[in-house]
Amino acid sequence: MTRDPDTRYYVEGIDVPETPPPSGEPEPWGETRVVGKPLPRVDAYERVSGTAVYPADLKLPRMLYGAILRSPHPHAVVSAVHTTEAAGMPGVRAVLSGFTPTDRATQPHADYIRRSLFNPHCRFQGEVVAAVAAESPYQARDALRAIRVDYEVLPFVADERRALDADAPKVHESGNQVTDTQVYERGDIATGFAEADVVLEQDYRTECEIHTPMELHGCVAKWDGDSLTVWESTQGVYNVQSQVAAALGLPLSRIRVVNHYMGGGFGSKLRASKYTTIAALLAKQTARPVKLTLTREETYLAVGNRPPSNMWLKAGVKRDGTLTALEFKGSGSGGAYRAGGTSLLDWLVRDCYLCPNVRTETTDLYINAGPARPMRAPGHPQGAWALEQMLDALAEAIELDPVALRLKNIPAYSQARGGNPPYTTTGLRQCLEDGAQAFGWRESRSAMARGATDGHVRRGVGMASGLWIGGGGGPPSTVIVKLFADGSVNLNMGASDIGTGTKTVMAMVVAEELGVDPDDVQIEHADTGTTQFATASGGSKTVPTEAPTVRAAALDLKRQLFELAGEELGVDPSQLRLEAGRVVSTVDPSTAVEITRLPGLARRRSITGVGYRAPNPEGKVVNPFAAQFCEVEVNTLTGELKVLRFVAAHDSGRVMNRLTYQNQVFGGITMGIGFGMTEERVLDVDQTGKMVNINWHDYKIPTALDVPADMTCVPIDRPDDEANTTGAKGIGEPATIPTAPAVANAITHAVGVRVTGTPATPARVVQLLADARKGG
Ligand code: MOS
């Protein structure tokens, strides 16, 4: 076992901020004119009218269509790939595999193609085996069917609970354990448990969840000489640029990655996939643009998932609600490769509530299944499923209200990071108090005390809280804002708008500083060829990273504008302000000049403001906090579950846009309901190892009918002025962390049984009720 006292965390694809030199920081905003308002999206028309061009919509002249042949077996070695027939089929222009001779265009990459891209050792169903490019998508798919592959099919292990069995097939030579078991420890749990009045322990499990974004993964690749352009549905154009560059051995400057619209990623599009490189190679070989869009089935297998988790938690509490000890053991699997199968699984146990004695162990295992990727708050919803249900059980055991138990244990500092650094702000208390208030927690809880409802349909209420390890953002980021001679404004930033409203929020920041209408800010974004560097949009850090950068760029522009205007007006630049297209003296408002009539600007034609993201405060932690409350109805005859209402109270610092903030919260609840109630990757672990519910019918994600119409967002709208110059923290991920355990706790309140494994399907609930009747 290895000790892990230092608390650096690592999630593939999420950039951990580093600390560059400090710079002059502007004052926090006071009253805001635009920021904070419920503004519809600046690109709403494009999105709803179908005029927005997503990578899947892109059609280039002479464009070919790529398709990928994937291993149908969870574990096999490819000994031959026969492509002659496929290559001769109508419309087929290129075939690639590890066994197909390379041509002049692909020869420099022959080794990479043979050994890495089409690694003959397929360790999961869905690993790539061959690819084709053809004149139509149908011809490409037909050609795939004509490729014959000789597989040596190997025994597999598809259940991580059996991965360490003596007779389990090895996924890798080294065995099925990814690294040594990771141990975190503080205080002394034996002492802690000895001090407790009540000690409980329980097993929990969460199933593997698939991202299934509405928009399929895909790209279009096009070469101009030695330069490659890729239009990719991605959360981070710069990630794709560097990963494709590394794969093909190209300089970064020769790869341009563009993403103007994308329809969901949730972490599965933080990084490049093999298909992007395949598209580039097919394009190179055919000297034509190639579009490669995965099928829905492929997205279930090969582009990530939220890993399954097996958890055991033991907790000690005093009668007054003081937590004395937490002991956690967790295992999981990121699939066939090292992919963070237990990433952050124990973080909430370590850090969410005051507790002096904590010990956690996590063990990441290999199985023959598709590799995991970060998924909306990696590790946290799983950990919350265990911890928040345990707190509920502890509260019941000591006859304390669940909200009161949490209020008793709120930390002002991060206990799990060395040196106990304080949080810049922690709104956990306010989330609990304001959320409970808005929900009518006390009244609902007592009115619905177990058994109080009549008949076989029972109601209950439950709650859970949480924090997100990230959400503070940080450098690096560079943004440019341009003011043209006619007074119009252009915003240039590298970040993707992954559907969360990033463009809208950034336009609002420009509008706030420059006095223009957000709709009039022309935006260029997410294009490595024309915009500035930004890290991938993810980790709930897009707003806290980019908004202060945009503000810095706008302020830099304003400073230059005031210098020009100051000269013109004979006023010190520090005594000027912007007001409706005019620069006005703060001393004498009659001294003013319209921007469009400023000779200095007319001469220069434009002013360019450049902004950089300043570092976060040293020695402090910026995290968002949350508490959610819900009411459910359980049919005790059928096990059917209805979620009737949700109240979500969130401390994510300043609310930048009330609408997009609320969208994140409602989306997070919806996804959390899917995680807790309906979603589950089902692998045929005994017979074939294959996934048996690879479609939107058998893999159930919640629809509008499965989530409550009655959802209320309660923002704790308190700017975190220490965190950054906009006071905003992230909201995307925290919004989905407490949802599932809140539902589980409500089920327990309604009918007395505890659903310790996801998803809480009718079959599972009705079984638990039957068991309880037998047992009781
Ligand atoms: Mo998120 S899991 O960083 O898209």
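**A first look at our predicted protein**

Hi everyone, let's start with the overall build: this protein has 19 helices and 27 strands. Its radius of gyration is 27 Å, close to the 28 Å that the globule rule gives for 776 residues, so the protein is as compact as a globular protein of that length. Please keep in mind that this is a predicted model.

How much of the protein is buried? Buried residues account for 61% of the 776. As for contacts, take those between residues at least 6 apart in sequence: 81% of them join residues at least 24 apart.

Let me finish by zooming in on one residue, Lys729. Where does Lys729 sit? You will find Lys729 in the loop between strand E27 (710-715) and helix H18 (739-751). Is Lys729 buried or exposed? Its relative accessible area is 3%, and buried means under 20%, so Lys729 is buried.

Who surrounds it? Leaving aside residues up to four places away in sequence, Lys729 touches several others, among them Thr425, Gly471, Pro544, Asp651 and Asp720. Asn623 is also one of the residues that Lys729 touches, and here there is a polar detail: a polar atom of the Lys729 side chain lies 2.8 Å from the backbone oxygen of Asn623.

Note on methods
Residues numbered from 1 in each chain as written. Predicted model: local features only at pLDDT ≥ 70, side-chain atom pairs only at ≥ 80, totals over all residues. Heavy atoms only, no water. Helix = DSSP H or I, 4+ residues; strand = E, 2+ residues; numbered from the N terminus. Rg over C-alpha atoms; globule rule 2.2 N^0.38 Å. Buried < 20%, exposed > 50% of the residue type's maximum accessible area, 1.4 Å probe, protein only. Contact = heavy atoms within 4.5 Å. Polar contact = N/O pair within 3.5 Å; in protein donor to acceptor, adjacent residues only side chain to side chain.
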